[in-house]
Every structure is written in structure tokens, then in C-alpha cells.
Amino acid sequence: MVSKLGEMLVKAQLITDAQLDEVMKIQRREGGKLGSIVVRSGFCSDQDIVSFLGMQYGVPAADLEQWPPIDPGVIALIPRDLAQRHKVLPLQRTGNVLTLAMSDPTDIFAMDDVRFHTGYNVDPVVSSEMGLLRAVEKYYGGNSAVRLSDGTVARALQSGAGPAASGPTDTSAGAAAAFNAEDEHFDLADLEQELDADAEYDTSAEDDDSSVNVGSLKRGSEDAPVVKLVNMVLIDAIKRGASDIHIEPYEKTYRIRFRIDGILMEVMRPNLKLKDPLTSRVKILAKLNIAERRLPQDGRIKLRVNMGGRQKVIDYRVSILPTLFGEKIVLRLLDSDQLMLDLTKLGFEQESLDRWDRQICKPYGMVLVTGPTGSGKTNTLYSSIAKLNTVDTNIMTAEDPVEFNFPGINQVQMKEQIGLNFAAALRSFLRQDPNIILVGEIRDFETAEIAIKASLTGHLVLSTLHTNDAPSTINRLMNMGVEPFLVATSVNVICAQRLVRRLCVHCKAVDPHHQPEEALYKVGFTPEEVQRGITFYKPVGCELCLKRGYKGRVGLYEVLEMSETLKDMILTGASAIEIREQGQKEGMITLRRSGCRKTLDGMTTIEEIIRETVL
């Protein structure tokens, strides 16, 4: 489809039909705005496009190269961060009207942001993106990567000596913030000193909720040290492979921890006076209410970064919880590059994988994955539906939240505040002619009942539960109020799982210490394995694993396939222990045995499997 702007440019004889075809090919291949691509390709000048857009939008066109020097008092009305974020520049103020140069004068979000920040009405004029960038560099300085709408990154060099107030920023229009991670080299200790030396914040009324000064919080969140700190934390977490960021206030300390390979580690202790500005900065990025400090809030930050020469988008799920000494922030990193969609590489033993594959390929029934938060349940479910995602299959998912997007799968985000919960979504799904339904979590009887009915009426239903192991999932469903005969007839397979740290392959070493046979039996090794002799490995630590000795994680899996015997036991009210014993007789590998096997293969250590499993 030819762009309307492209047709208008041809009609105005600014470009030819052949040039438009070439520009459209570039746009389809690389993305970006058509006007920027036309200028980049040299088919017409930047000013020609600006003048043309001015006529089309019905607003004046401003050539910033020829514009008279702007009053520093006018420039000071808008902070550098906001000017770079929306690609705008204040030109002059007349009464309560601010003349604003914009690359897109129809961007009402940018105008609202400026109006809110300055208190003035906005009179837009159109200017080119590159002209605006050069003007922002001229009047503000800066050393951040500013991403243009055509996807290119322009660098504005810092003219002063202070730290940059740039990086991932909030966007009212909902676009991802942009950040060039390859150009940033952070030193945590140096930044701590810089923050301690430069930051001056008033915290005298920080615990008085009735005297929250929203303007002060917003200004503090835009100060250079605070912006740089938040940028550093977000990017450093990606570089270290963290899954969560914890920002925690205490009475006399303030600390930031990363969860790496399932273990929390402290990375820095910023000055306590940065607590409110830092919290406000995160809230602004996540589009939360910075004035609300009494109630929990949840939001999301989308960050576009350049790492290793390629662009990637990282989502941060933000949870803010009021505590005794301030608001604790936890950010969960959702990195699609870390999502492993190959079931054969997750850590399944071959016998368990065969059982799982056999059951998820059935046309109907219920498939359940259980385990605590952070045990990899979502990865297993996504890997399963990715295998089932074919052109002749209708897959519907109800998730809270939708963590990763998949083409060909209809994903629905839950919104409890308007009544869209798992039960309501499931009812609607059944009228959408689905083949496969994925329910993010079975939390109550209503959801369980609808899911089971769907599985008994020709649909394959995949979902998760929070239980300790596979056999106890049966009791959990019955405790919710589901009848035993419904459980026995609907459930195809249950998979319990855990994640343990994987030994770094570059530095692991043979552990020379001899383990007593009795201790090995108690861990779960068989007499045959003990008699044959076991070579254990220990973590050492190198540069590639950041001196931890572990790098990455591997899954432990317990797959309970429903046999006729197990179904009869469920109908007669068998306990979880009895179901477990029968499952083991039928070849089920328990979580502990899965861990023992991975220890035998040199993947992990005894300490790791004892930490995550029970015998």
C-alpha cells in the first residue's frame, strides 16, 4: 500500500514515482518515517519536506538553522530530557503561549506533556527531525543516544562536564524508550560517589503522605544523577543476565539487588536521600502515579537497546509496594532472547520428554505445569504451544500479564479491574472455536471448573498451578472443589519443575572430596550409581561467569502421566503419597532424581539439587 504522504509528494512533484517505489522498499525493509527516508536518500532536501508538511498540517514551518538565538529563559522552560524524548524545542513565549518546534505537530501526547510541565498553551510549528536534534544539542548539550523515528541513532556530544540526563525515558505515546547500551560504560562505585557528591534532595517530609509535592518529585526524578542511576541499573541488569531487580528502602540504608540465576546479590547501596527521586523516576517510566505512595502499583517499562550490534526490546514488569520505610520496587525482566522454545533443550530427561510430547499432542484433555514463581513454568508452556502452533490450529491464551508475543497465537491480557479475569476469558474463548486454550493460572474453583469442562468437550487446555510436586496437584484441584471423577477424566499429564544453577562449563573443576556412601543414598543416588563411582564437579569462578562458578540455569522435571491405574486411584481417594509411589512404579522421574541425573552429567552440584528439591 502506497503511503498517502508519498502520493502527495509525487503529486507536488517533489519526488518521482520511481523514487517513491524505492523509498517504499526501504521502508518495508527497515521501517521508519517515509519523509526521513526521502531526505536520507537524497531525493529532496530536509527543508522541502518541512515546508510541504507545514502546508499539509496547516502550521508554520520553522527552519531552525536560520532561527534567531533563543532566549535561555525560554529554553529553561523545558528540560533536556523532555525535549529529546518528544523531539521538540521551545522557540519563544508570548504571554501564556509557548511556540514549540515539533517534528510531528499532530503529536498531542507531546503537546500535553509540554503543557503539563510548563503550564503554558502550546502553539506548534513544524521542523525537521535532524534540525531539531542539532538545535537540542546546541542549546542543551548532552551525550545520550537519541533515536529518530526512522530507527537511526544520533549522538549529541556533551558540551559540559556534568553527567547525562538521558537514556530510557517515559513516552506518553507508549513507544519503547531507546538506549544505546554499547556506548555506556558504568562503574557502580564511581557512580555512587558521583551521586553522593551531586545530589541535593529535601527528604524532611518524606513520610508525610498529606504533604506530597508532585512538582518536587517530578523535578527530582529528572535530575541528571537520578536519570543516570536508573539507566545504569536497567542496563546493568541486562548485561549481568538478571531476572529481577530489587530496589529496597530501609531505615538507614538503601540497597539495590539483582536476582541472577535464581540467587539475589547486592550490587550497590545508593545514598538514602535518593530514595524518593529514584522511585519517582521508575514510576514515570512505568506510567504510574508518582503522588500515590500508600497503595501498591503495577506497571510496565519497555526499553529498546542496542547490544552486540543488534537492537532488542526488553520489557520490565514493575511492582511497587509500600513498606515501613518507603516503597520497595521489584522489576521483572522479560527478555525474549532468553526464551528457549525448544523442548529438547530445557532439561527434560528423554523419558519425561516422550511422556510430555505424547500428551500435549492429544486433541483434548488438560495439561498442567506446576511449581513456584520463577521456576520456568511459562517457558515450558510457551515451548509447548510453539510446537503446536500450526496454520490449521486456533490457539487462544489468557495471561496475566502477556509476557511474550507470538505470531499466530491469540493472546488476551487479563484486566481484573474491569472484570476480565481467567474465568471470564475462558467463557469467551469457548465461543471463539478454539482447538487449544492456554490459561495463565488456575486460581479458583470457577476457573478450574470451566477449564475442565473445556477439556472434556474437545479442547486441549494447558495451564499452571502452584503446588510442590506433580502428585499433590491432584489433591490441590480437589481442595478447590473439583469432583474426583472430573479430575480423573480430564487431566492428561502433570509436570512439576524447578530451576537449578548450571555449572560454568569454562571453569568447573572435579571435586576431589570423597562423599560418604550413606550420604549419597540419602541424597537420592541409587546403589548402582554409588558402586559404579560418581565424579562430582564444583564451581570455581572465571570472568565469563562473573566469578560465581555458575552460568545459566537448567530445569528439573517430574512428569506424571495419567494411566488407568492412577485414574482409578484418584476415584477411590488415594493420597498424594500413594499416587507418587504408583507414578514411580510406572516410570515417573521425580524432581530429586532429575537433579541427581544432572549431577551425574556434570551440569550442577549436590548443593543445588538439595536447595530446590526434597527426597
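Is Arg-240 buried, exposed or partly exposed? Arg-240 counts as partly exposed because its relative accessibility is 24%, where buried means under 20% relative accessible area, exposed over 50%, and partly exposed in between (1.4 Å probe, protein chains only).

This is a predicted model, so local features need pLDDT of at least 70 and side-chain atom pairs count only at pLDDT 80 or more, while totals for chains, interfaces and linings use all residues. Residues are numbered from 1 along each chain as its sequence is written, and side-chain values use heavy atoms, with hydrogens and water left out.

**View 1. Arg-240 pairs with Asp-236 in a salt bridge.** The N to O distance is 2.8 Å (a salt bridge is a side-chain nitrogen of Lys or Arg within 4 Å of a carboxyl oxygen of Asp or Glu). Both residues sit in helix H11 (residues 224-240), 4 residues apart, or about one turn; helices (H or I, at least four residues) and strands (E, at least two) are DSSP runs, numbered from the N terminus. Asp-236 counts as buried because its relative accessibility is 14%.

**View 2. Asp-81 meets Arg-281 in a salt bridge.** Their closest N and O atoms are 3.5 Å apart. This pair ties together distant parts of the chain, 200 residues apart: Asp-81 belongs to helix H6 (residues 80-86) and Arg-281 to helix H12 (residues 275-285). Both Asp-81 and Arg-281 are buried.

**View 3. Arg-443 and Glu-416 form a salt bridge.** Here the N to O distance is 4.0 Å. Arg-443 is partly exposed at 37% relative accessibility, and Glu-416 is partly exposed too, at 45%.
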